[in-house]
Amino acid sequence: MTQGGPLDSTLSAAYYVYQKFGFGQYGIASAASWVLFIIIALVSVLQFRILKED
């Protein structure tokens, strides 16, 4: 929405990755994508374990 706001103060992780790919910084963007993927996967596994019906 704010495209990073004043001095990237509202920059989300997904938009950060998008920006890095756009600027041609593929190594940083790829590493950030993997970190974001791992965080999402861990949160998903945790959520499945907590909400699992017995």
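The protein chain exposes about 4800 Å² of accessible surface, and 67% of that belongs to carbon and sulfur atoms (Shrake-Rupley method, 1.4 Å probe; for residues, only the protein chains shown count as cover). The model is a predicted one, so to speak of local features takes pLDDT of at least 70 and side-chain atom pairs count only at pLDDT 80 or more, while totals for chains, interfaces and linings use all residues. Residues are numbered from 1 along each chain as its sequence is written, and side-chain values use heavy atoms, with hydrogens and water left out.

Buried residues, meaning those under 20% relative accessible area, make up 11% of the 54 residues in the chain.

The axes of α1 (residues 13–22) and α2 come within 8 Å and cross at roughly 155°, with axes fitted to C-alpha atoms over the stretch in contact and angles running from 0 to 180 degrees between N-to-C directions. That makes α1 and α2 roughly antiparallel (angles over 145 degrees). A13, in α1, is partly exposed at 44% relative accessibility (the class between 20% and 50%). The C-alpha atoms of A13 and L36 sit 7.3 Å apart, though 23 residues separate them along the chain.

L42 belongs to α2, which spans residues 26–51. With a relative accessible area of 57%, L42 is exposed (over 50%).

Definitions and conventions. Helix = DSSP H or I, 4+ residues; strand = E, 2+ residues; numbered from the N terminus. Buried < 20%, exposed > 50% of the residue type's maximum accessible area, 1.4 Å probe, protein only. Parallel < 35°, antiparallel > 145°, perpendicular 65-115°, else oblique.
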